[in-house]
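Student: I would like to learn how to read helices and their packing from a set of coordinates. Could we work through a case together?

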Amino acid sequence: MPLIVYDLPNWVLGLALVLGWVAIGLAAQAAFPRRWRERATESDRNVALASLGVIATINSLLLAFSAVSVWDSFSAAEQAVSREGTAMAQLARTLAVYGTPETRLARERLRGYGRSVIGKEWAAMQHEQPSQPTLDAFDDVYRTLGDLRPASAAEAALVQQMWAQANDLLTQRRARLEASDGKVPTTLWVVVLVSSLLTLAPVAVLPVTACSRSAIVVLALALGLVFHFVAAMDRPFLGAERVTPEPIESALANMQRWDARSMAAVGR
């Protein structure tokens with residue numbers, strides 16, 4: 001789907017897709033040659049209905065596969081962001097407990113990384129582009145951790161824990177970036193579109209009556225709704241139903257709360 005589509009309100013996108021399919025269905029019935037419809041026998045109509053059943057079944061499987069595929073990609077993106085926020089919060093707390101100038105610097109750089117994710121990388125992901133400043137901010141966290149020199153067994157254990165949490169943060173960051181590339185392949189879009197058009201074709205053979213028109217409208221409505229669901233979930237970080245950076249924002253807010261409480265405790 002073109003990226004401009006995801007700038008539309010969700011209800012506008014859904015209404016446009018549903019009405020578009022209804023228009024296609026009624027246009028297909030109107031465009032079907034009248035003389036062919038008049039020459040069609042009862043046997044021909046039965047064949048058309050039987051073909052409709054087969055094509056509709058195949059198309060339903062394709063649409064179901066597409067819907068499951070986009071839902072899995074969307075869920076993977078949500079989980080990656082949630083886990084990244086958790087990993088960031090864990091690393092921030094461990095750095096705060098260590099409490100040396102080096103870990104305070106690492107904590108500030110971690111805070112800068114989180115802000116860069118929200119302010120720069122999120123917009124870049126929406127256009128499938130990398131954010132070099134955010135990657136640089138993440139590398140700065142690693143460099144600062146490399147400067148730590150534990151002086152006791154307890155500090156060594158904390159440093160080891162920091163590296164494990166930093167590596168987990170890296171894993172979840174990569175998972176988020178991979179999820180941002182998740183979308184329905186063009187080939188699958190084409191196949192589903194053609195199969196949906198073929199689903200409407202047999203109905204056009206039927207005589208033009210209120211019943212046949214109603215059947216086309218209902219069938220087109222069902223196709224439009226499924227297409228709306230697939231389109232709305234196609235890009236996890238675009239559209240009204242997009243994944244938000246709330247878990248990372250929550251991690252930054254918790255860092256701020258920790259700092260405020262620490263300053264209050266020192267002032268007593």
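Predicted model: local features only at pLDDT ≥ 70, side-chain atom pairs only at ≥ 80, totals over all residues.

Student: Which residues of α7 are buried?

Tutor: An α-helix has 3.6 residues a turn, so residues three or four places apart point the same way. In α7 the buried residues include Leu188, Val192, Ser195, Ser196, Thr199 and Val203.

Student: How are the axes of α3 and α7 arranged?

Tutor: Angles over 145 degrees count as roughly antiparallel. Helix α3, residues 42-98, packs on α7 at about 155° with the axes 9 Å apart, which makes α3 roughly antiparallel to α7. The crossing of the two is left-handed. Among the residues in contact are Leu52, Ile55 and Phe65 of α3, together with Leu188, Val192 and Thr199 of α7; by class, this contact has 13 nonpolar, five polar and no charged residues.

Student: Is Arg115 buried or exposed?

Tutor: Exposed means over 50% relative accessible area, and Arg115, at 52%, therefore counts as exposed. Arg115 belongs to helix α4, residues 101-126, and, leaving aside neighbours within four places in sequence, is in contact with Lys120 and Leu252. From Arg115 to Val97 there are 18 residues in sequence and 22 Å in space, C-alpha to C-alpha.

Technical notes:
Residues numbered from 1 in each chain as written. Heavy atoms only, no water. Buried < 20%, exposed > 50% of the residue type's maximum accessible area, 1.4 Å probe, protein only. Helix = DSSP H or I, 4+ residues; strand = E, 2+ residues; numbered from the N terminus. Axes fitted to C-alpha atoms, helices over the stretch in contact; angles between N-to-C directions. Parallel < 35°, antiparallel > 145°, perpendicular 65-115°, else oblique. Left-handed = near helix turned anticlockwise from the far one by under 90°. Contact = heavy atoms within 4.5 Å. Nonpolar A, V, L, I, M, F, W, Y, C, P; charged D, E, K, R; others polar.
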